[in-house]
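Let's take a walk through this one, strand by strand. Have the viewer open and follow along.

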Amino acid sequence: MLEYAAGAQSSRLAGEVDAKGLHDVVARQKGRVVLVNFWATWCIPCREEFPVLVKLQKQLAARGLQVVGVSTDFAREMKDVERFLGEQNPDFPNYHKKAGGDDQDFINAIDPSWGGELPFSVLYDRAGKKVKTLSGKHSYADYEREITSALK
Amino acid sequence: MRVSRRIALAAGLLAISLAAQAAAPAIGSAAPDFSLTTLDGKTFSLAQAAKSHKAVVVMFIATKCPYSNAYNDRMRDMAAAYEKQGVLFVGINSNKTEPAEEVASHAKQHGFAFPLMKDPENKVADLYDARHTPEIYVVDPQGKLVYHGRIDENYEDPAHVASPDLKDALNQLLAGKAIAKAETKAFGCSIKRV
């Protein structure tokens with residue numbers, strides 16, 4: 001189980017990450033299928049899609065899914081991030097991308113085929129290997145199909 | 001080989017070739033030609049525009065994306081400044097959720113003096129594998145793609161841009177130099193495709 005203080009009083013975020021930190025988070029989940037989703041409070045399709053992620057975690061956690069959210073919001077938007085997470089109440093951890101450095105280094109380190117569009121998701125299998133990327137907003141059915149294929 | 005297997009093989013090869021066409025054009029390769037109708041009813045042809053300008057800057061933009069909107073002033077100012085040097089900036093809106101009237105009033109509100117066009121069914125966005133707004137493609141007079149990516153690295157603060165990538169690319173191109181950083185990336189709102 002990912003170390004995560006549900007209902008933490010001070011912040012709903014699990015921490016700050018750069019690309020290496022995020023890879024460490026994923027690596028700690030070996031044995032589970034991990035869906036990393038990059039979002040921002042200013043990204044409307046990200047907000048529309050988020051309840052789908054919340055539902056995926058609820059429905060598929062027992063079968064081995066771990067969703068991990070990463071907010072790319074700026075530091076000045078953190079109040080919006082906290083409010084959004086409070087409204088959505090996910091059962092999965094959400095990290096905040098560390099400020100500093102060039103965004104394109106982060107984007108390329110996550111996946112060279114990622115153009116930087118949000119939302120964007122990366123699926124890792126139980127061995128921690130990247131198996132799929134999903135660009136833009138997707139339906140529950142789309143995610144479920146890819147996840148259950150990796151859960152085998 | 002049995003007929004059914006031959007058909008399956010042909011179908012597989014066709015699928016692969018179609019998928020290959022969907023990828024972004026490589027830097028240095030021919031920029032895919034396209035024609036679109038501008039908001040004021042004229043026909044814009046990339047091939048024609050490239051031949052008659054020092055460069056064409058194709059910008060995929062949005063009306064409702066904070067990332068794209070953060071660059072409104074920079075787009076307006078750069079378009080005006082580089083026009084004097086023979087560079088044509090054009091704006092393309094491929095979002096199915098943003099109709100022509102909205103694109104027009106947004107342009108008026110922000111003082112855009114460059115040609116704008118809707119991209120019905122995001123066909124041009126697909127041709128270029130454009131993923132988000134804003135996203136920039138620069139085409140030289142030979143119709144080659146010479147730059148693809150962002151305007152600069154700092155969406156938040158135009159006064160403290162450390163990496164003015166589009167300006168650098170245009171200045172290098174106009175000076176006859178090779179473009180040092182021809183591919184860049186930034187976050188942005190995904191294009192709302194059909």
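Start with a single pair of residues in this predicted model: A:Asn37 has A:Ser121, in S6(A), as its bridge partner.

Now hop over to the next strand along. Strand S6 (residues 120–124) of chain A is also joined by 5 bridges to strand S7 (residues 130–135) of chain A, again running antiparallel. Look for A:Tyr124, whose bridge partner in S7(A) is A:Lys130. S6(A) and S7(A) make a hairpin, with 5 residues between the two strands. Within that turn, A:Gly128 has a positive phi of about 85°.

Zoom out and the pieces fall into place. The open sheet in chain A has 6 strands, ordered S1-S4-S3-S2-S6-S7, with mixed pairing. Strand S1 (15–17) and S7 of chain A are at the edges with a single partner strand each, so each has one side without a neighbour in the sheet. From one strand to the next, the twist averages 25°.

Finally, a look at the other chain. Chain B contains 7 helices and 9 strands, and 37% of its 194 residues are buried. What share of the contacts in chain B with a separation of 6 or more comes from residues 24 or more positions apart? They account for 75%.

Key
Residues numbered from 1 in each chain as written. Chains lettered and ligands numbered in written order. Predicted model: local features only at pLDDT ≥ 70, side-chain atom pairs only at ≥ 80, totals over all residues. Pairing = 2+ DSSP bridges. Helix = DSSP H or I, 4+ residues; strand = E, 2+ residues; numbered from the N terminus. Buried ≥ 20, exposed ≤ 12 C-beta atoms within 10 Å, placed from the backbone. Contact = placed C-beta atoms within 7 Å. Axes fitted to C-alpha atoms, helices over the stretch in contact; angles between N-to-C directions.
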